[in-house]
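Please read the following note alongside the sequence and the structure. It is written for a reader who is new to protein models.

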Amino acid sequence: MWWPTKPRQPHRAALSRRTVLVGLTTTVVSLPLAACGFKPMYAGGKSSPVTAQLGQVEVARINDRNGQVLRNALEQRLERSQNAGKKIYLLTVSLQESIDETGLSKDSFATRADMIISVNFALTYGKAQLLAGISEGVVSYNILDQQYATVISEKDARTRAIEQVADDIQRRLSAYFSQHPSPPASPAPQ
């Protein structure tokens, strides 16, 4: 007598093999990282030492409207800690903007431009400079026939370039604080 059986599900076996393969690959890749002393920068989330130190950075005032936008973006990124302590570090920033017209139409009018935001920054503790660098954000935008549309396009590009710079500075400060988990012994006298 013949009894019907359930059809085999070959995809289940493939999924379990795939799961095993992914797990094995993850283990093989993470072992060398653990052996070399790798640790996540933000281990501990909002209570990590890096996040706590980022919360102790005061961003100095930056001139003009673009400076205000950059300062607000930096403040937003650095104030991630819920219990940000006393501000012991000072981040000073100077900002320059330039526009490079790149695309030309047949009648020699620009049709595309790059908004370039270049920022010099320095992190200080007392009078001691701990970190300094240059960060640059470059964003392209279209130069349109309608003047108002071009103004809006340029404004949007400027905002995106400032956001790029703020992200870069925040990453560089985080990298510094992950290598230097506590402030220097004592601040230089002011």
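The numbered points below treat confidence, fold, core and salt bridges in turn.

1. Confidence. This is a predicted model, and the protein averages a pLDDT of 78. A score of at least 70 is reached by 65% of the residues. Among the elements, helix α1 (residues 10–35) has the lowest mean pLDDT, 61, whereas α4 has the highest, 92. Where pLDDT is low, the predicted coordinates should not be read in detail.

2. Overall fold. The protein contains four helices and four strands. Their order along the sequence is α-α-β-α-β-β-β-α. When contacts with a separation of 6 or more are considered, 64% of them join residues 24 or more positions apart.

3. Surface and burial. The protein has 190 residues, and 30% of them are buried. Its accessible surface comes to about 12800 Å², and carbon and sulfur atoms account for 56% of that surface.

4. In soluble globular proteins, nonpolar side chains tend to be buried together. In this model the largest nonpolar core has 32 residues, and Leu70, Leu91 and Phe177 touch the most other members. Two or more residues come from each of α2 (49–54), β1 (57–59), α3 (64–78), β2, β3 (110–125), β4 (128–142) and α4. Helix α4 gives the most to this core, namely nine residues.

5. The surroundings of Phe177. Which residues does Phe177 touch, not counting residues up to four places away in sequence? They are Val50, Gln53, Leu54, Val57, Tyr89 and Leu123.

6. Salt bridges in general. Side chains of opposite charge can pair when their charged atoms come close. A search of the whole structure finds eight salt bridges. Arg77, Glu163 and Asp167 are linked in a network of such bridges.

7. A bridge between a strand and a helix. Glu97 and Arg158 form a salt bridge in which the closest N and O atoms are 2.8 Å apart. Glu97 belongs to strand β2 (residues 89–104) and Arg158 to helix α4 (residues 147–179), so this pair ties together parts that are 61 residues apart in sequence. Glu97 is partly exposed because its relative accessible area is 33%. Arg158 has a relative accessible area of 16%, and it is therefore buried, the limit being under 20%.

8. Glu154 has a relative accessibility of 22% and so counts as partly exposed.

9. How far apart are the closest N and O atoms in the salt bridge of Asp168 with Arg172? The distance is 3.3 Å. Asp168 and Arg172 are both in helix α4, where four residues, about one turn of the helix, separate their positions. Arg172 is partly exposed, with a relative accessible area of 30%.

Conventions
Residues numbered from 1 in each chain as written. Predicted model: local features only at pLDDT ≥ 70, side-chain atom pairs only at ≥ 80, totals over all residues. Heavy atoms only, no water. Salt bridge = Lys/Arg side-chain N within 4 Å of Asp/Glu carboxyl O. Buried < 20%, exposed > 50% of the residue type's maximum accessible area, 1.4 Å probe, protein only. pLDDT = per-residue confidence, 0-100. Contact = heavy atoms within 4.5 Å. Areas by Shrake-Rupley, 256 points an atom, 1.4 Å probe, with all protein chains shown as cover. Core = buried A, V, L, I, M, F, W, Y, C linked by side-chain atoms within 4.5 Å.
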